[in-house]
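Please walk through the structure shown below, taking its helix contacts and its ring pairs in turn.

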Amino acid sequence: MKGKTLTARHIAQQYEEVQEYNRMYKELDDLYHEIALGIGMSDGEFSALYAISALGDGCLQRDICREVYVSKQTINSAVRKLERKGILYLEEKKGRDKKIFLTEKGKDFVAEKIIPVVEMENAVFAEMEPDERAELLRL
């Protein structure tokens with residue numbers, strides 16, 4: 001019986017820890033959602049531009065998916081919307097692959113709206129001690 005009590009306690013503690021992790025993840029996800037809405041974009045469009053700003057011109061949709069952990073369908077839809085908005089354009093590559101490039105309008109938009117978010121993230125990390133950053137990434 002003592003073993004069951006410990007097991008139940010352990011399970012309850014794990015449940016609480018998972019709930020806390022989920023809460024923190026949701027809070028961060030909500031923050032990026034609000035940023036995307038604030039600049040007039042969907043989450044997918046924001047994620048695509050965020051990835052393109054990191055990967056550079058000429059990246060592929062699959063590169064973006066890997067960079068931001070978003071489905072191919074979501075990124076494809078976002079790329080099509082951004083193309084219609086004149087933010088980016090696609091260039092044929094061998095096979096079915098198409099390279100993605102920012103237009104001048106897109107470059108200006110990324111510089112004005114996406115890069116400040118990246119800089120904000122970098123500033124938050126810079127405030128942490130190196131061992132704190134290492135521990136956070138380890139987790």
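**Helix contacts and aromatic pairs**

Ser47 has a relative accessibility of 16%, under the 20% cut-off, and so counts as buried. The model is a predicted one. Ser47 belongs to helix H2. Once the neighbours within four places in sequence are set aside, Ser47 is in contact with Val68 and Val70.

Val68 also takes part in a contact between two helices. On the H3 side that contact involves Gln61, Ile64, Cys65 and Val68, and on the H4 side Lys72, Ile75, Asn76 and Val79. Sorted by class, the contact of H3 with H4 has five nonpolar residues, two polar residues and one charged residue. Helix H3 covers residues 61–68 and helix H4 covers residues 72–84; their axes come within 9 Å and cross at roughly 120°. An angle from 65 to 115 degrees would count as roughly perpendicular and one over 145 as roughly antiparallel, so H3 and H4 are oblique to each other. Their crossing is right-handed.

Helix H2 has a contact of its own with helix H5. The axes of H2 and H5 (residues 104–127) come within 10 Å and cross at roughly 80°. This angle lies within the range of 65 to 115 degrees, and H2 and H5 are therefore roughly perpendicular to each other. From H2, the residues that meet H5 are Phe46, Leu49, Tyr50 and Ser53. Their counterparts in H5 are Phe109, Val110, Ile114, Ile115, Val117, Val118 and Glu121. By class, the contact of H2 with H5 has nine nonpolar residues, one polar residue and one charged residue.

The structure holds four aromatic pairs. In one of them, the ring centres of Tyr32 and Phe46 are 6.2 Å apart and the planes stand at 40°, so the pair is tilted. Tyr32 lies in helix H1 (residues 2–38) and Phe46 in helix H2 (residues 43–55), so this pair ties together parts that are 14 residues apart in sequence. What of the accessibility of these two residues, Tyr32 and Phe46? Tyr32, at 21% relative accessibility, counts as partly exposed, whereas Phe46, at 4%, counts as buried. Ring pairs also link Tyr32, Phe46 and Tyr50 into a cluster.

Another of the pairs lies in the strands. Tyr89 and Phe101 form a stacked aromatic pair, with 5.5 Å from centre to centre and 20° between the planes. Tyr89 is in strand S1 (residues 88–92) and Phe101 in strand S2 (residues 98–102), so the pair links distant parts of the chain, twelve residues apart. Tyr89 has a relative accessible area of 36% and is partly exposed. Phe101, at 16% relative accessibility, counts as buried.

Asp29 is located in H1, and with a relative accessible area of 39% Asp29 is partly exposed. How far apart are the C-alpha atoms of Asp29 and Asp43? They are separated by 9.5 Å, and the two residues are 14 residues apart along the chain.

Definitions and conventions: Residues are numbered from 1 along each chain as its sequence is written. This is a predicted model: local features need pLDDT of at least 70, side-chain atom pairs count only at pLDDT 80 or more; totals for chains, interfaces and linings use all residues. Side-chain values use heavy atoms; hydrogens and water are left out. Axes are lines fitted to C-alpha atoms, for helices over the stretch in contact, and angles run from 0 to 180 degrees between N-to-C directions. Helices (H or I, at least four residues) and strands (E, at least two) are DSSP runs, numbered from the N terminus. Angles under 35 degrees count as roughly parallel, over 145 as roughly antiparallel, 65 to 115 as roughly perpendicular and the rest as oblique. A crossing is left-handed if the near helix is turned anticlockwise from the far one by less than a right angle, and right-handed if clockwise. Contact means heavy atoms within 4.5 Å. Ala, Val, Leu, Ile, Met, Phe, Trp, Tyr, Cys and Pro count as nonpolar, Asp, Glu, Lys and Arg as charged, and the others, Gly among them, as polar. Rings of Phe, Tyr and Trp (its six-membered ring) pair if their centres lie within 6.5 Å; planes under 30 degrees apart count as stacked, over 60 as edge-to-face and the rest as tilted. Buried means under 20% relative accessible area, exposed over 50%, partly exposed in between (1.4 Å probe, protein chains only).
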